[in-house]
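Hi,

Here is the structure I promised to send over.

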Amino acid sequence: MVSGIVLFVIAIKAQPPKPPTIEERLKSTNEVIQQEVQPTAPQKTAIELACKSFFIAAGKLRKDNPPSPPPDLKVKDTMDKLGKDRDEAVKKVLTETQYQKYKDAAKKLHPRKPGEPGGNDGPPPFQH
């Protein structure tokens with residue numbers, strides 16, 4: 001019986017964490033943007049719309065293209081384009097100062113992983 005409980009606990013802990021929902025991601029993004037950028041109500045609405053569109057498209061892309069080593073460059077390029085489109089939509093509604101604060105806030109929301117280019121918290125990626 002004890003071994004059954006131990007196996008059950010191991011099986012539960014072995015499952016990967018469930019990714020946050022779009023609503024959870026929007027909520028945390030909005031909190032950081034509101035605090036850092038302090039947008040007006042119309043700016044906030046436009047930013048929320050741009051972020052929601054990004055999260056929906058990115059979620060569909062991830063669902064249709066599960067991660068696999070090596071990373072799929074077409075998927076990465078598409079994700080990069082989605083991010084640029086989102087940032088351009090946000091840039092249109094913010095002042096230059098607000099947009100710079102937005103970019104700084106985005107770095108806080110999505111810190112680079114160790115070893116990722118541009119990150120300073122790990123060794124550079126291996127290059128041939």
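This is a predicted model: local features need pLDDT of at least 70, side-chain atom pairs count only at pLDDT 80 or more; totals for chains, interfaces and linings use all residues.

Residues are numbered from 1 along each chain as its sequence is written, and side-chain values use heavy atoms, with hydrogens and water left out.

The protein has 5 helices and 0 strands (DSSP runs numbered from the N terminus, H or I of at least four residues for helices and E of at least two for strands). Buried residues (under 20% relative accessible area with a 1.4 Å probe, protein chains only; exposed is over 50%, partly exposed in between) make up 22% of the 128 residues. The accessible surface (Shrake-Rupley method, 1.4 Å probe) comes to about 10100 Å², and 62% of that belongs to carbon and sulfur atoms. Of the contacts (heavy atoms within 4.5 Å) with a separation of 6 or more, 55% are between residues 24 or more positions apart.

Now for helix 2, which covers residues 22–37. Helix 2 packs against helix 5 (residues 96–109) at an angle of about 140 degrees, with the axes 9 Å apart (axes are lines fitted to C-alpha atoms over the stretch in contact, and angles run from 0 to 180 degrees between N-to-C directions). The two helices are therefore oblique to each other (under 35 degrees is roughly parallel, over 145 roughly antiparallel, 65 to 115 roughly perpendicular, and the rest oblique). On the helix 2 side the contact residues include Val32 and Ile33, and on the helix 5 side they include Tyr102 and Leu109. The residues of this contact divide into 6 nonpolar, 3 polar and 3 charged (Ala, Val, Leu, Ile, Met, Phe, Trp, Tyr, Cys and Pro are nonpolar; Asp, Glu, Lys and Arg are charged; the others, Gly among them, are polar).

Helix 2 also meets helix 3: their axes come within 10 Å and cross at roughly 140 degrees. Among the residues in that contact are Leu26 and Ile33 from helix 2, and Ile47 and Phe55 from helix 3. The count there is 7 nonpolar, 3 polar and 5 charged.

Glutamine 38 has a positive phi of about 55 degrees although it is not a glycine. Most residues other than glycine have a negative phi. At 57% relative accessibility, glutamine 38 counts as exposed.

Cheers
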